[in-house]
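Me: I would like to learn how to read the features of a model like this one. Could you take me through them step by step?

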Amino acid sequence: TQQEHLGPLAFHFYRAEAWEKALKYLSAAGERARFAYAIREAIDYFDKAVEVSRKIPDAVSQEQLMSLYENRGRTFQVLMDMEKAADDFQKEIDLARELGKKNIEAQALLNLALCYRPWGALTDLNKVRKCLDKSRKLVRETGDQAGEVRWNIMAGIQTLISLGQDSESATYLQEAINACKKAGNRWTPGQSGASRKASAKPPLPSHWRSRPRQRSHPPGGTPR
């Protein structure tokens with residue numbers, strides 16, 4: 001399938017300097033690698049996608065850039081490289097503000113808050129709180145009920161883990177539960193076996209490997 005050939009196609013168009021197609025396949029290959037926890041491969045793809053986007057600025061939409069910075073930022077978080085992750089999320093936030101995309105800015109602020117948790121190089125609990133407060137304000141301005149649920153879940157986790165506020169955390173999580181019950185417990189099902197198989201780790205062209213391949217996994221998780 002084409003999914004299995006995203007990496008080679010990305011490399012082919014990159015070498016051919018077919019920049020628009022290279023950007024398309026580099027971004028797709030990076031996202032597929034990220035979901036397969038092939039984290040360093042994903043970073044390689046995303047780095048090259050950012051590089052290509054700067055070669056063809058007139059052909060790249062701000063929406064594409066926001067998605068690219070978000071995906072690379074989340075990948076850096078898995079590597080616990082919070083400085084680079086925060087830089088990408090801030091770029092996404094700046095673009096979202098330019099476009100007036102409050103829902104995207106709100107989510108990016110939640111992702112940014114994760115960069116300031118009590119571990120890592122950027123620990124700053126005041127910034128965690130500021131990010132959460134700004135995000136909630138934006139969510140309420142949009143009237144996005146699903147966004148409000150996501151915010152309550154993320155805020156509940158962050159106020160417990162980062163700020164140690166048990167009762168505040170419980171309040172947010174209960175609000176999320178109540179909203180879900182009111183909406184009839186609608187949610188998106190998890191990946192099916194077929195979709196998990198479709199997102200298996202893509203190959204990384206040997207030309208791009210400058211170091212031994214490594215496996216990374218989310219904090220608290222287990223290697224695959």
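Reply: Happy to. Let us start with burial: a residue is buried under 20% relative accessible area, exposed over 50%, and partly exposed in between, using a 1.4 Å probe and protein chains only. Arg129, for example, is partly exposed, because its relative accessible area is 26%. Keep in mind that this is a predicted model, in which local features need pLDDT of at least 70 and side-chain atom pairs count only at pLDDT 80 or more, while totals for chains, interfaces and linings use all residues. Residues are numbered from 1 along each chain as its sequence is written, and side-chain values use heavy atoms, leaving out hydrogens and water.

Me: Which salt bridge does Arg129 take part in?

Reply: The general idea is that side chains of opposite charge can pair when their charged atoms come close. The cut-off here is a side-chain nitrogen of Lys or Arg within 4 Å of a carboxyl oxygen of Asp or Glu. Arg129 meets Glu168 in such a bridge, at 2.7 Å from N to O. Glu168 lies in helix α9 (residues 166–182) and Arg129 in helix α7 (residues 125–142), so the pair ties together parts that are 39 residues apart in sequence. Helices here are DSSP runs of H or I with at least four residues, strands are runs of E with at least two, and both are numbered from the N terminus.

Me: How many salt bridges does the rule give?

Reply: The count comes to 13. One of the others joins Asp144 and Arg150, with the closest N and O atoms 3.6 Å apart. Asp144 counts as partly exposed because its relative accessible area is 26%, and Arg150 is partly exposed at 43%. There is also a network of salt bridges that links Arg136, Arg140, Glu148 and Glu175.

Me: Is Glu105 buried or exposed?

Reply: Glu105 counts as buried, because its relative accessibility is 8%. Its place is in helix α6 (residues 102–114). Leaving aside residues up to four places away in sequence, Glu105 touches Ile93, Ala96, Arg97 and Leu138 (contact means heavy atoms within 4.5 Å). With Arg97, the side chain of Glu105 forms a salt bridge of 2.6 Å, N to O. Arg97 itself is partly exposed, at 43% relative accessibility.

Me: How many aromatic pairs are there, and how do I read them?

Reply: A pair of aromatic rings is described by the distance of the centres and the angle of the planes. Rings of Phe, Tyr and Trp (its six-membered ring) pair if their centres lie within 6.5 Å; planes under 30 degrees apart are stacked, over 60 edge-to-face, and the rest tilted. By this rule there are three aromatic pairs. Phe13 and Tyr25 are stacked, at 5.5 Å centre to centre with 20 degrees between the planes. That pair links distant parts of the chain, with Phe13 in helix α1 (residues 6–15) and Tyr25 in helix α2, twelve residues apart. Tyr14 and Trp19 have ring centres 5.9 Å apart and planes at 75 degrees, so this pair is edge-to-face. Tyr14 is buried, at 16% relative accessibility, and Trp19 is buried too, at 19%.

Me: Which charges sit over a ring face?

Reply: The rule asks for NZ of Lys or CZ of Arg within 6 Å of the ring centre and within 35 degrees of the ring normal. Lys48 lies over the face of Tyr14, at 5.9 Å from the ring centre. Arg34 lies over the face of Phe35, at 4.6 Å.

Me: Which residues touch the most other members of the largest nonpolar core?

Reply: A nonpolar core is a set of buried Ala, Val, Leu, Ile, Met, Phe, Trp, Tyr and Cys residues joined through side-chain atoms within 4.5 Å. The largest has 26 residues, and Tyr14, Trp19, Ala22, Leu26 and Val52 touch the most other members. Helix α2 gives the most to this core, with seven residues. A second, separate core of 25 residues includes Ile43, Phe76, Ala108 and Leu122.
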